[in-house]
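Please look through the sequence and the model below before reading on.

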Amino acid sequence: MNIMKATSHAPWKAEFGRSGWCVLSAREEGIAYVRQDMIHDEANARLIAAAPELLAALEGALVAVRYLDDHEGAEELMKQVCEAIIKAKGGAKRLTSLSDIKEAVLSGKTVHWKTEAYRVVHDSVGQWLIVCPSTKGCWGLTWADGVTMNGKPEEFFVGGAR
């Protein structure tokens, strides 16, 4: 999901007006207002205005972080980036079991594993797979026993329906 397309006419900008700071869309539409009497009103307005670019940068960084497996702290950094992206997009429902994951996919929801780069699919021949469209890679959601999962249930989450 490209945040620049999902938000109100990005890029945004912060401008000071009569009643405080206002964050405006590229079409000069009001996105947010920050009261002038707040201690950090200008900094908050500028941070809000930078939100679309920050989210786009995080989504790009997530792709790069995936390849830092050998780097100390890479897994924790990847988790932080994922959590920030999920929070910026309004949160996501975490799944707790294999049956939750399958039920969500069958109901038309997009289920991701660890990051939005990986999706769970149920293919035309009945296989449950984890796919990575950007690398065209895929593997089974479970081992051959159909029960042991490739990944922990809490690493799966529901994104937007596709």
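Helices (H or I, at least four residues) and strands (E, at least two) are DSSP runs, and they are numbered from the N terminus. Asp41, for instance, is found in helix 2. Residues are numbered from 1 along each chain as its sequence is written. The model is predicted, so local features need pLDDT of at least 70 and side-chain atom pairs count only at pLDDT 80 or more, while totals for chains, interfaces and linings use all residues; side-chain values use heavy atoms, with hydrogens and water left out.

Start with the whole protein. Its secondary structure comes to five helices and nine strands. Their order along the sequence is α-β-β-β-α-α-α-β-α-β-β-β-β-β. A residue is called buried when its relative accessible area is under 20%, exposed when that area is over 50%, and partly exposed in between (1.4 Å probe, protein chains only). By this rule, 32% of the 162 residues of the protein count as buried. The protein exposes about 10100 Å², and carbon and sulfur atoms supply 56% of that area. Accessible areas come from the Shrake-Rupley method with a 1.4 Å probe, and for residues only the protein chains shown count as cover.

Contact means heavy atoms within 4.5 Å. Among contacts in the protein between residues at least 6 apart in sequence, 43% join residues at least 24 apart.

Now turn to helix 2. Which residues of helix 2 are buried? They are Asp41, Ala45 and Ala49. Seen down the axis of helix 2, these buried residues fall within an arc of 70°, so they line one face of the helix. The arc is that of the directions from the helix axis to the C-beta atoms. The buried residues of helix 2 pack against strand 1 (13-17), strand 2 (20-24), strand 3 (30-35) and helix 3. Asp41 has a relative accessibility of 11% and therefore counts as buried. Leaving aside residues up to four places away in sequence, Asp41 touches Trp21, Val34, Arg35 and Gln36.

How do helix 2 and helix 3 lie relative to each other, and at what angle do their axes cross? The axes of helix 2 (residues 41-49) and helix 3 (residues 51-65) come within 5 Å and cross at roughly 55°. That angle makes helix 2 oblique to helix 3. Axes are lines fitted to C-alpha atoms, for helices over the stretch in contact, and angles run from 0 to 180 degrees between N-to-C directions. Angles under 35 degrees count as roughly parallel, over 145 as roughly antiparallel, 65 to 115 as roughly perpendicular, and the rest as oblique. In this contact, Leu47, Ile48 and Ala49 of helix 2 meet Ala51, Pro52, Glu53 and Leu54 of helix 3. These residues divide into six nonpolar, no polar and one charged. Here Ala, Val, Leu, Ile, Met, Phe, Trp, Tyr, Cys and Pro count as nonpolar, Asp, Glu, Lys and Arg as charged, and the others, Gly among them, as polar.

Helix 3 also holds Val65. Val65 is buried, with a relative accessible area of 7%. Not counting residues up to four places away in sequence, Val65 touches Ala74, Leu77 and Met78. Val65 and Leu77 are 12 residues apart in sequence, and their C-alpha atoms are 7.6 Å apart in space.

Helix 5 (residues 98-106) has Leu98, Ile101, Ala104 and Val105 buried. They cover an arc of only 135° around the axis, which puts them on the same side of helix 5. On the other side of helix 5, Glu103 and Leu106 are exposed. The cover over the buried residues of helix 5 includes strand 5 (111-113), strand 6 (115-122), strand 7 and strand 9 (156-158). Just after helix 5, Gly108 takes a positive phi of about 95°.

Strand 7 contains Cys132. With 2% relative accessibility, Cys132 counts as buried. The C-alpha atoms of Cys132 and Tyr118 are separated by 4.7 Å, although the two residues are 14 apart along the chain.

Two loop residues complete the tour. Glu28 lies in the loop between strand 2 and strand 3 and has a positive phi of about 65° although it is not a glycine. Glu28 is partly exposed, at a relative accessible area of 46%. Lys136 lies in the loop between strand 7 (128-132) and strand 8 (137-140). Lys136 is not a glycine either, yet has a positive phi of about 60°. At 75% relative accessibility, Lys136 counts as exposed.
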